[in-house]
Each structure stands twice: as C-alpha cells, then as structure tokens.
Amino acid sequence: MKNFCSVKDVENVAQLVEEAIALKNSNIGDGKTVGLVFFNSSLRTRLSMQKAAQNLGMNPIVMNMKEGGWSIEFEEGAIMNSNSQEHVKDMARVMSQYCDIIGVRAFADGKSREGDYEEKVLNAFVQYSTVPVISLESATLHPLQSLADLITIKQQGIKKPKIVVTWAPHPRPLAQAVINSFLEWVKKIEAEVVLTHPKGYELKEEFTAKIEVNYNQEEAFKGADFVYCKSWGSYKDYGKHIGDNNDWTVTQEKMNLTNHGKFMHCLPIRRNVVATDEVIDNSLVYQQAANRVLSAQVVLKKLIEKGY
Amino acid sequence: MKNFCSVKDVENVAQLVEEAIALKNSNIGDGKTVGLVFFNSSLRTRLSMQKAAQNLGMNPIVMNMKEGGWSIEFEEGAIMNSNSQEHVKDMARVMSQYCDIIGVRAFADGKSREGDYEEKVLNAFVQYSTVPVISLESATLHPLQSLADLITIKQQGIKKPKIVVTWAPHPRPLAQAVINSFLEWVKKIEAEVVLTHPKGYELKEEFTAKIEVNYNQEEAFKGADFVYCKSWGSYKDYGKHIGDNNDWTVTQEKMNLTNHGKFMHCLPIRRNVVATDEVIDNSLVYQQAANRVLSAQVVLKKLIEKGY
Amino acid sequence: MKNFCSVKDVENVAQLVEEAIALKNSNIGDGKTVGLVFFNSSLRTRLSMQKAAQNLGMNPIVMNMKEGGWSIEFEEGAIMNSNSQEHVKDMARVMSQYCDIIGVRAFADGKSREGDYEEKVLNAFVQYSTVPVISLESATLHPLQSLADLITIKQQGIKKPKIVVTWAPHPRPLAQAVINSFLEWVKKIEAEVVLTHPKGYELKEEFTAKIEVNYNQEEAFKGADFVYCKSWGSYKDYGKHIGDNNDWTVTQEKMNLTNHGKFMHCLPIRRNVVATDEVIDNSLVYQQAANRVLSAQVVLKKLIEKGY
C-alpha cells in the first residue's frame, strides 16, 4: 500500500479487515512521525489517529490550518501575488522532510462539483509528498471511516448480511464523501446491499453501479441486518438543498421492519433529524467510533511496512 | 475517586494534599490517554495537565473546541435542525472510546445564573462519559486550582493559619468558580477563614455557610498568614458590573497589616487593578502555578487507580 | 549558551554548524519539556521543533496564542483594566514552572520600527523566564533559520563560496527578520557576500556593515555559488509598500548568470512573484527546511547542556 486515499489503494479488503481486528499494540512506529493536517473540523478522526499513532509508538503532530497555519495556494503555476502565502507543493514537500506519513482532511467546498470531484487538495498532497498520504476525509471519500464500518459489520458475525444504505434528512446539503466511500468498500465484502433515498439524491454512477436502488424506504428496510444511515446533498443539483423530506428520519418504527437490524452512522449525527434518540441509543455508532482506532492502526502499519 | 469535579469527590482532603506533595514521577499511566477538552482559554491548566500526564507516562490529547471541533448541542432530546452539529452525549461517549480519562473546561456564560449553576456542560460529560471526568474549571468550581492552593498553604508549614479571602476590583464581572471552590476546600483543613468583600458581592450561601464575613477589608487583613485574593461578579445581580470599588485593590500597605501574610492568587491576574505589582512580585502565585502539576498528577493517579 | 535569540548567543558558529550535522538522536532530553509559544502562523518552525524535541526524547507542548490563550499585556507597570488578561511576566514565569526551555514566535507588527526593533515580546520572555528562551522568529531576527541556512551551505562543500543575497518582490512589506539574521550569521563563515536590492530597501546599518551592496541585481549574480533570496519591506519607510519592482523576480535567466549557483529561500515563498517555479523546483529550499530539524536539535541540546 503506497497511500490510503480510496479503496483502490487496498489490494485485499477482507484481509485488511481481519488484520485490523487482530492487530496488537507494538513499537513498529518507534521514532516515526505522522503529520495530521486538518483544513476542517474533526473529533473522531483527530483523536483516533493520535491514539492509533501512539499505540504503534509513533509521534503524531497535528496542524489545524484554520488557526496556526499559512494560507495555502492550490493552483499549479499560480502567480502568488494575492492572499495565499504558501503553495501546497511546498507545504507537502516540506512536511515530507519532517513526517514519515502525512494525513490530510480536506472537505468538499460544496460549490463546484467538478472542483470537488477533482480532489484538488488531497491529490496535491499525493502528488507532491515524498511520503505516503492518508485521507482523513477528502471532498468525495472517507476510507478510514469505511474500513472502520466494515470492521464493525465483520464483528457482528453475520454471514452475507443484508445492508440497507439509507439517506436521511439534514438542514444542510452535506458532502457525499462518507456514502460514496461506504458503497465503494461494501462492494468488496459478501453482502446484499440495497440503497434507498428520495428521488433527486442519486449519487455519481461509478459508486452505485450494480447496486439495487429502492425509492421506498420502508420497503427497503424489510429484512435488513444493518441500516447504514447517512445524509447527503444532491449530486445533480450540487450544493443545493432540494427538499426537507422529513419523513425519511430513521425511527424505531422503521427499524422494527428490519431483521433485528443494527443502526449504523459515522457521527456526528443530528439527533431527531437524521434518526431519533431511541434509534441512536440502541445502535452500533460508538462501536464504529471505537473501531476508527483499529482502522487507523492497520493503515499506519501497512504504510510503515510498505509491503501490503 | 470516580470523578474529580468538586471537593465532594474526595474522601480525605488532607491525605490527598500530602499524597500530592509526596508523589514521584512514574509509569502508572503508561499506554493511557487523557483527553483535554477546552471550551475556553487556558494557560496553566492546559500546560500543567499535559506536564502531569507526561510525568505519569500518559498521552495527553488536547481538543480546543473554538478552533477545530464541531459545534456542540447540550439540550436533552433536542431536534438538531439548526446550528449545533454534535450532541454532547455523542461527544462524551465517543471520547470515552479513545480516552481513559476526560478533562473538560467549560466556563460560566455569565448570562443565566440558574443555567451556570446547573453545570450543564460538565454534568453532561459526567453523565455520558464511561470514563472518569476531571473538571478543568467549570461554571461554578475549579477544584484542581483549590487543591494546588491547599498544597501551597501546606508547604508553608504554618499550624492553623489565618486565611483572609478577599474580593478585588476587575473591569469585568467574573465567574465565582475559583472562589466558590476555594471556600469548599479550605473548610476541609485546620484554618481560621475570614471572607471580606464589598456589600453586594455575597456568594451563594452553600459556599459561605459557617464562614465569618467582614465587610471591612483592612480590619479583615489584620493578623492574616495568607491573603487569598480573587475578583468575582455579583451572585445577586448575576452577570452585572455593580461597581468599581477601586479602593479594594490589594496594596503593600494593606499587606503590611497582616502577620507577614503571603499573597495568593490563581492567575491570570490584572496587575495594578486586582493587586499592585509590588504585592504580586512578592507572593506565592508562581508556587501556586507550579503546584498545579502536583495537583493534576495526584488526581490522574487516583483516577487511574480508581481506588481512593 | 544561555538563550538562543541571536548569533550573539553563540560562541563559535562554525563549530555549532558542524555539531548540528553530526548530531545523532539521543535521550538527552528525557523527561524534559519544551513549551512552544506561537503568536503567529508557522509550519516549518512548529513541525521541526516538535520533531527535534522528540528526537531528543523531550516533550514538546504547543501554545497557539491566537486560539486558546489569554490576551497578553507587554507594558511594564501597566494598569490592566482594559482588554489584556495576563501580563507577559506572569506568563513567562508560569511557563518556567512547567517547561525546561521556552520557544517564542513573535513577529514584527510592522507599524512602529522602534517598537519592533526593541523586541518587546521576545525580550520580555528572556527577562522574565527562569529557563532558557529560543527565538522561533522574532520581530527582527530568525536565528534557527539562519543556522539551518549555514548548515545547508556547509553541506554543499564549496570552499569560500560567493553568496549573493537578493531582495525580491512581494505584495506586502515583510519584516526584515530573516534577512537581518542571515547577514548576522553569514559574516561568521568564510564567504564572499554581496547584497543586492533596489534603492530604498537599505537595511539597518548594523546588519550591512562591511557587506558589499550592488544595486544591479544581474551584475551581483555573476559568479555566485549561492543566491539567497528574500523579500523585505523598507527599513527607512517602515511598514510601507514603496514599489513593486517586479523585474526583481528571480528567474532562470538570472540564475544562468551565476556559477551554477544554488537558489536558497527560507519558505514560505510566493511562487512566480519572488522567484519562478523553475527556479524554486531546482533549488535547496527543501534541504533548508529539512535542516531546520538539525538546527533545532543542536540548539535544544546546547540549552539542555548549558555548557556551550
């Protein structure tokens, strides 16, 4: 594994999941440094990466770009006579002098679909770093979360589960990163996957190819072993709030339609909007969060070993 | 000791003070993580907690919520369709997955006395965390400071000292946390305590019960071994600046009325407003600050041991 | 070495450069803490200091004053009844209780030349700290950068090189810290130094005494082994942008006038304003950045040993 920015960086997903679960603390990262660059807010990712790094003996260094960093330029060949103070290519090359691995969180800006799907920020780090790069959630993908999700599903021990992936309401049109990423990863395990969302919320085709879509949420829930819930904004009407659809909130009544299905969500979650308190309080969400450490650990280990 | 949020969490204060002074660096915290959540500014608390954690072999992880965190909801059952992005119950439960101990700084907002004295933020962490919680100063109490203060007093070796607790002027109506907390703690040691402040600055009765109040500052100072100084805003006219009282500044002339009394203050201090340069520069304030490490260490140790 | 705030703190520069290059990781800093106070943005300094500290076994603690700290007062004897919350003398003395070494970044404010050249902030830390102080770039000097620059020059193995120090255009009138400091340091090694800049950009005389100045950039470049490039604002018309001088951008054509000269810059750099992409991409800038770790390491070591 050279970088960890999408499922495409992983040779064998099932094996990575098993290795993550089996991994013990070690000193494999002794004397090594992971630099964690945050262009956006974070709780789980920041904490789980620090914890994982320390479990492996690594030194984590956090850079919150909103507060103590320079203003970064991303355009190739830019004449930098305006506001930006440092080019991403210099930042990436300089960080490569200090860090053995670089993690980058760079969300979608939600204005230009093309700009976001180009992954300009993450790709600049991949291009210019001379060390491996980990996505800490990019504009369109969140592979550390997806790996933790598959670990959580695996831990339930259900053979070929039915996984319903459902849209939910939210006051803002969110990025598609978590949902794109989960769909990419879940295709790699043995499962029956059904996607349900209101019309207008169709995702980019490369992520939904070969996945069954059912526009009727209650029908989709029937017999589900897992309900993977996430809100996202429209891909077609990018960046726009195209409707409230408040009847899509996941409630206990809907969960009762499943096969004792377990509710999953990556957090943070808008309680009583995305799902009700009752659903969240009887769910796998904290186990998913805990598994972010396992997911981070195995990725750091693979990148240190460079042999996967 | 289950949590460390007030003196009520401590079985034997005198013993804790002695143990704090005697404590040596150790590896008792090896492989353990303390998460430090700051909703407000900090210098001493942040640094002394990090230092104390490292002295015990623990990994400290700092979260400054103003910069890199999500916007947090504190209302039980809230329908989160507005600005807040994550509920404190999820934050606390998630942090409990990564941290062995959680520290929280959450100041009073100074608007609603009832709201502040309910300790909504700290109590939410206590309620929802599955690991011990340390107050890094809450709306109404600052126990780590009080413990450091008692350590400092103990180190002077004065038997049954006279401790004068004095109000001082300040451009803003500050919280009562430090003073409430000191009064709670100082009752647990052998001392003569006199409280002095202008009329209108009476504290909540539970903190001043059985403590002598003298509205004449100079009279109160007579014979004092310690002058514990702190400004606070009115409890009665909560959140309001009810008067300048600039004649309450602690000066050398007033200190001369004491029994070679030592000046104490928790810092930060408004120089030449709360007390004059001369008073501060010949005081115990830096020893108090240094003792914040001892105070933090013994609390971390007790919570790791869970056996106090 | 007592502090590290300018070249004047160093007894033997050549020896320090050699020792920096030869230094191995060690546990000399075991159990020790370095507090890093940033009043301004940073990438290289923050990361290289953290890395260097960890290489020596020290615990680095970062304080970003813009986000989580108190508002600091710098005036001696101030009556603090306005906005500032803590006096620098208290901050410095308190940090000395927790830290074995204190690093401070405090840029020029660019408004008052006298104020900036007094180095009020850095000097306050030097005056009031009871532990050694490292400049992480002050209003007028950046010695950690200069030391890394001399390390980089030394690594090229050129005997008595010709070093051209050139001004370059920039949208803002920058501080003179990096250039002042480099001139102070480069005088200590065997080299031919030529300074070139447009008229009006003359530096403070103490830094340029005995250094040849040539107002013709292309003439100055002839035969150069190193081109040390930096933009700075006018010292005479302090804080003012006195002209664009866009023909001073360092281009490949100008570099071709040199003796296969190597381009150097401290970063961050405004690409295609200060120098072109081509020049930067074939330069020593990343090696300079990497050497910031060597520079930080040797300084930490010297201050721990206190014996230089």
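In helix α1 of chain C, which spans residues 13-22, the residues C:Leu16, C:Val17 and C:Ala20 are buried, a term that applies when 20 or more other C-beta atoms, placed from the backbone, lie within 10 Å of a residue's own, whereas 12 or fewer make a residue exposed and counts in between make it partly exposed. An α-helix has 3.6 residues a turn, so residues three or four places apart point the same way. On the other side of α1(C), C:Gln15 and C:Ala22 are exposed.

The model is predicted, with pLDDT of at least 70 needed for local features and 80 or more for side-chain atom pairs, while totals for chains, interfaces and linings use all residues. Residues are numbered from 1 along each chain as its sequence is written, and chains are lettered from A and ligands numbered from 1 in the order in which they are written.

The buried residues of α1(C) pack against two helices of chain C, α7 (143-156) and α13 (285-305). Helices (H or I, at least four residues) and strands (E, at least two) are DSSP runs, numbered from the N terminus.

Chain C also holds an open sheet of five strands in the order β9-β8-β7-β10-β11, with parallel pairing, where two strands pair if DSSP finds at least two bridges between them. Because β9 (212-213) and β11 (262-264) of chain C stand at the edges, each with a single partner strand, one side of each is left without a neighbour in the sheet. Strand β10(C), residues 226-229, pairs with β11(C) in the parallel sense over three bridges, and C:Phe226 has C:Lys262 of β11(C) as its bridge partner.

Between chains, 24 residues of chain C are in contact with 27 residues of chain B, contact meaning that the C-beta atoms, placed from the backbone, lie within 7 Å. On the side of chain C that touches chain B, α4(C) gives the most, with seven residues. The classes on that side are tabulated here.

| Class | Residues of chain C |
|---|---|
| Nonpolar | nine residues |
| Polar | 11 residues |

Chain B can be laid on chain A with an RMSD of 0.0 Å by a turn of 120° and a shift of 0.0 Å along the axis, the superposition being by least squares on the C-alpha atoms of residues with pLDDT of at least 70 in both. The two copies are thus related as by a three-fold rotation axis.

Technical notes:
Nonpolar A, V, L, I, M, F, W, Y, C, P; charged D, E, K, R; others polar.
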